[in-house]
Amino acid sequence: MSQYVYILYSSSKDSFYKGQCSNIRERLHRHNSGYELYTKSGVPWKLLWFTEKKLKSEALKLEKKLKNLTRIRTIELMQKYQEDIVGPDELILINQLSGCWQNRQ
């Protein structure tokens, strides 16, 4: 069964959450429904980026690496691996968060 590693963003907290799961839609629903204690205060969460891993051990390893990234490094990772960004609106948001948006105007 495939595993997913993902990055969420909360505009109300202006912060990222990184995690892994086997069903990304269900997991996002749990985050946004307040079922998860750690993310309850940041609702609504927006899925910005995710990647698929074949093995749970690979997903856990990547999740651990992501959780150790600073905010800037998290944004740089998403910009580097743009093929895993959810959509064009999310790319715009990531660029705004990085400060690149202001530089392009």
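What pattern does the protein chain follow when read along the sequence? The answer is β-β-α-β-α-α-α-α, which comes to five helices and three strands. Helices here are DSSP runs of H or I with at least four residues, strands are runs of E with at least two, and both are numbered from the N terminus. This is a predicted model, with local features needing pLDDT of at least 70 and side-chain atom pairs counting only at pLDDT 80 or more, while totals for chains, interfaces and linings use all residues. Residues are numbered from 1 along each chain as its sequence is written, and side-chain values use heavy atoms, with hydrogens and water left out.

On to overall shape. The radius of gyration of the protein chain is 13 Å, which agrees with the value near 13 Å for a compact globule of 105 residues; that radius is taken over C-alpha atoms, and the globule rule is 2.2 Å times the number of residues to the power 0.38. The C-alpha trace spans about 45 × 30 × 25 Å along its principal axes. As for contacts (heavy atoms within 4.5 Å), 59% of those between residues at least 6 apart in sequence join residues at least 24 apart.

Buried residues account for 39% of the 105 in the chain, where buried means under 20% relative accessible area, exposed over 50%, and partly exposed in between (1.4 Å probe, protein chains only). Q20 has a relative accessible area of 15%, so Q20 is buried. Leaving aside residues up to four places away in sequence, Q20 touches Q3, Y4, V5, Y6, K56, A59, L60 and E63.
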